[in-house]
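Let's take a friendly walk through this assembly, residue by residue and sheet by sheet. Please have a look at the sequence and the model first.

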Amino acid sequence: MIKDRVANLFRDYDEDVRKVIAAVIVLEQEHISMERPRVKDAIKEIIDEAVQK
Amino acid sequence: MNETIASRDTVVIDEGVHDVYRILTEGGDALSVPFRTMKDVFMFAAALGYERGEHRPLTGKRLTIFRWAQFTPQTDIPLLKCLAIARIGDISVLLKQDDLLTTAEEYANAGIHELRRSLLTESGQPLWNLVALLVSQDNG
Amino acid sequence: MKLDRITLENFRQYHGKQRLTFSKDSKRNATVIHGVNGAGKTSLFLAINWCLYGEGPSNTGELMSKEAVSGAREGETISTSVELAFIHDGERYLVSRRLVGVKQLDGSVPVANLDDFTMMRTKRDGQAERVNNPIGRMNSILPSNVRTYFIFDGEKIDDFARPEENEQVRYAIYNVLKLEVLERGRNHLQAVANEYRKELKNISRGELHELVEQEEKALDEKQKAILRKDQLEREIESARRKISDIDGRLREMQSASGLAHQRDILDGELTKRQSESDQLVSNIRDLATNGFIVIAQSAVEKALSVLDGKRERGEIPSSIRQQFIQDLLERMQCICGRAFDVGGEEHRRLMALMDSSLPGSLEDNVLDTAAALRPFSERAQSLKDTLDRSMQRRAELFDIIRGLEEQLDDVSRQLKGSPQEEISRLEKQREDFRADIESYKLEQGSLETRLESLALELAALKKKIDAAKKDQTKEDVLTRKMSLAQRSADAIDQMYQTFADEMRERIEAKTKEVFKLLIWKDSHFQDIKLGPDYKLDVIDRYGLSARPDLSAGERQVLSLSFITAMSRVSEEEAPLVMDTPFGRLSSQHRNNITEHIPELADQLVLFVTDEELRDQARANLEPRIGAEYRLEFNRATSCTEIVEVNS
């Protein structure tokens, strides 16, 4: 799957970065058909969660 | 003491006059710091307020300076009741702690200005100014 | 995604409900749908796009079956819908889009709603549930921005191979291979990082450091002041000892001993009087503090008169009377012993008496208050008297103390003026030491004041430091968030080009693979190139670009190769739905393509005219056909019927 390929792309980066990117990619994919998607708040939540750990 | 209906047990003052309360109670020298506690200042201010016939509702931000429990049952509490009755005339006020507090607070809010004027702006040590204030009271 | 079944209802020329089931077999993975031009292939193709993505004419009236509309009575509801069942990731989905309208008198059918789009999902346990975010889900399964590469119109087959179409190629790769997803992700992460950065600027920075410095300074000063006070205390001690020595020597000297002695007595007296005066001041302060009862005299008198008045008017019965009435009521018996009934005259009278009196607690309160207030005037007077006496005594002491001090001065003067040099010298020294003590004491006093204000300062600083520490924590968290967002954005930025290049190379390789498969055998093309400028090129045996020389058919094969390569590389697991893909190819090309194309997709759906699929082409495709349909157009009704062809 391209998803795996993308995840693999970032294998040399820190775990928190990888987690964030993986979650952001899923988010962006869900909104891909929209011209101006409102994803900023969702991204902030992703970052919040990653920082809590 | 007799039971009263109360919703609060804190005594509040206007934030703006807090500094007067502090100046009159902070420090060790009896001559410049004539009152021991905030409650003492409050009682004096309330009495003065009544005596001058002035009361001011609290309008600005409020500060809690002490609690109901500080009032002595033999002197302070009868006096609070006394101020309320003297002002309102209705004796049911004896059962309402909130009204007792509010009445006293409003008198104190006016009287504190008089207290400051007499003790701090006049020349001489605050304690002697206080004594002069008392001695000059002309009671029958 | 694998298509399962499509159901049309009153959609364009498909009147009533009509159904078509796609082949899901892995070997016989092709579904072929025949129809002459105008029979309804395009409408069926549109139905898929409309159902999944809402693509279609803006005038939705054009979608409703005219036959259904004309056949309906005024007031009758007409429903147009397309339902598509598909399988994705092992789960069954059912997507449906529907239009509903009511036929008007004038024959028009205004549509009641914007189309109604629902998605249901059947879980592995068989339960069906509605999907809450259908658009988001479709975006995860097969987003609308890439559908044209999977569900594509044969007319557009040329699009990728024309020389001027680099942009189309780039756009295709960008969307299908998730580059857009990455780019959006990077941009949004960057925007979030920037927002955090801005927020950080607003939090006060460096304040904590400054405050701690201030605190240190204050503590340092406090320390020094304490040390100095101690030092002064020792100096005072030392000076006192020296004075004591001098006193001792003076006492021994004959001509001085008398005066020295006198001084001793005076000193003792002075100390006593001074401490008496101090005590008096303290007492006065205590009295004055309670002096508010003096001020409040008029209030006390007024309150007592109110209370007494009420009592005199009988509004405050004594508690004895209340208790008495209570007892009678309980015993239901009058004081004379006669019993009375509930409801009887006597009973009612007594109850009235009880009711008219005040509640017990208030009554007690009134009595107690009056009792407490009554002694006030005496207390006030007594306080005033005591205060008067104390002030008087203070004045007296003041005079006494002054008198003693004068006498002491006198003694000192006499000693200083003594004809004996030794005595005079000693006395002068003594005086110096006393002056020293006085100045030390003064300094001690000011240090004392300074220490008091330092204590207040330190308390205030501590509060500020605690608040600043809280801010610091906030700052730290925000910094970590900003850093994470930024690092993530940077990571995508760094890897983006690598990913883009990798994808481009894979498409290039796959396109070449497919092209070699689909083009006829004796072609003289050596290679396919997809450069960083996204130009899709064919290289001939001379190593030169052969694109300008491609025939129309060859161009179409190149395009088709590119599309199928994309489909494979994207690993999207999507069906390939093609509307008349072979229309413009020569039979040679057609034959070659039909032989290989089923390999290039998991599921293949082909809309073809009979012209397209004949003879060899048909024979090539035959072993892979899993389902076949014919679209039969009825000229009389202008409606199409889907008919299954069984072989």
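Leaving out residues up to four places away in sequence, C:Phe86 touches C:Met1, C:Lys2, C:Leu3, C:Asp4, C:Leu52, C:Glu91, C:Arg92, C:Tyr93, C:Val95, C:Met138 and C:Ile141; contact here means heavy atoms within 4.5 Å. Before going further, note that this is a predicted model, in which local features need pLDDT of at least 70 and side-chain atom pairs count only at pLDDT 80 or more, while totals for chains, interfaces and linings use all residues. Residues are numbered from 1 along each chain as its sequence is written, chains are lettered from A and ligands numbered from 1 in the order in which they are written, and side-chain values use heavy atoms, with hydrogens and water left out.

**The cores**

C:Phe86 is one of the residues with the most contacts inside the largest nonpolar core, alongside A:Phe10, C:Ile6, C:Leu44, C:Leu52, C:Leu142 and C:Ile173; this core has 126 residues. Such a core is a set of buried Ala, Val, Leu, Ile, Met, Phe, Trp, Tyr and Cys residues joined through side-chain atoms within 4.5 Å. Buried means under 20% relative accessible area, exposed over 50%, and partly exposed in between (1.4 Å probe, protein chains only). Helix 14 (residues 421-518) of chain C gives the most to this core, with 16 residues. Apart from it lies another core, of 71 residues, and among them are B:Leu80, C:Ala296, C:Ala303 and C:Phe376.

C:Ala303 also turns up among the contacts of C:Leu373, which touches B:Pro78, B:Cys82, C:Val300, C:Ala303, C:Leu304 and C:Leu307, not counting residues up to four places away in sequence. C:Leu373 lies in helix 12 (residues 360-373) of chain C and is buried, with a relative accessible area of 0%. C:Leu373 and C:Glu301 are 72 residues apart in sequence, yet their C-alpha atoms are 8.7 Å apart in space.

**Two sheets in chain C**

Helices (H or I, at least four residues) and strands (E, at least two) are DSSP runs, numbered from the N terminus, and two strands pair if DSSP finds at least two bridges between them. One open sheet of chain C has six strands in the order 2-1-4-5-6-7, with antiparallel pairing. At its edges are strand 2 (14-21) and strand 7 (128-130) of chain C, each pairing on one side only. The twist averages 15° from one strand to the next. Axes are lines fitted to C-alpha atoms, for helices over the stretch in contact, and angles run from 0 to 180 degrees between N-to-C directions.

Twelve bridges join strand 4 (residues 77-88) and strand 5 (residues 91-102) of chain C in the antiparallel sense. In this pair, C:Thr80 stands opposite C:Leu99 in strand 5 of chain C. Helix 1 (residues 41-53) of chain C packs on the sheet, touching strand 1 (2-11), strand 2, strand 4, strand 5 and strand 6 (116-122) of chain C, and its direction makes about 80° with that of strand 4 of chain C. Helix 3 (residues 134-141) of chain C lies across strand 4, strand 5 and strand 6 of chain C, at about 65° to strand 6 of chain C.

Strand 8 of chain C runs parallel to strand 11 (residues 576-579) of chain C, joined by three bridges, and C:Phe152 has C:Met578 as its bridge partner in strand 11 of chain C.

**Where the chains meet**

Buried area is the accessible area (1.4 Å probe) that two parts lose on being put together, summed over both. A salt bridge is a side-chain nitrogen of Lys or Arg within 4 Å of a carboxyl oxygen of Asp or Glu.

| Chains | Buried area | Carbon and sulfur share | Salt bridges |
|---|---|---|---|
| chain B and chain C | about 3,700 Å² | 69% | one salt bridge |
| chain A and chain C | about 3,400 Å² | 64% | five salt bridges |

Chain B and chain C each bring 42 residues to their contact. On the chain B side, B:Ile91, B:Trp128 and B:Leu134 lose the most area to chain C, together 16% of what that side buries. C:Asp286 forms a salt bridge with B:Arg36, with the closest N and O atoms 2.7 Å apart.

Between chain A and chain C, 31 residues of chain A are in contact with 38 residues of chain C. A:Asp14 and C:Arg487 meet there in a salt bridge (3.0 Å, N to O). C:Arg184, in helix 5 (residues 179-202) of chain C, is in contact with A:Glu28, A:His31, A:Ile32, A:Met34, A:Glu35 and A:Pro37, leaving aside its neighbours within four places in sequence. C:Arg184 is buried, with a relative accessible area of 13%.
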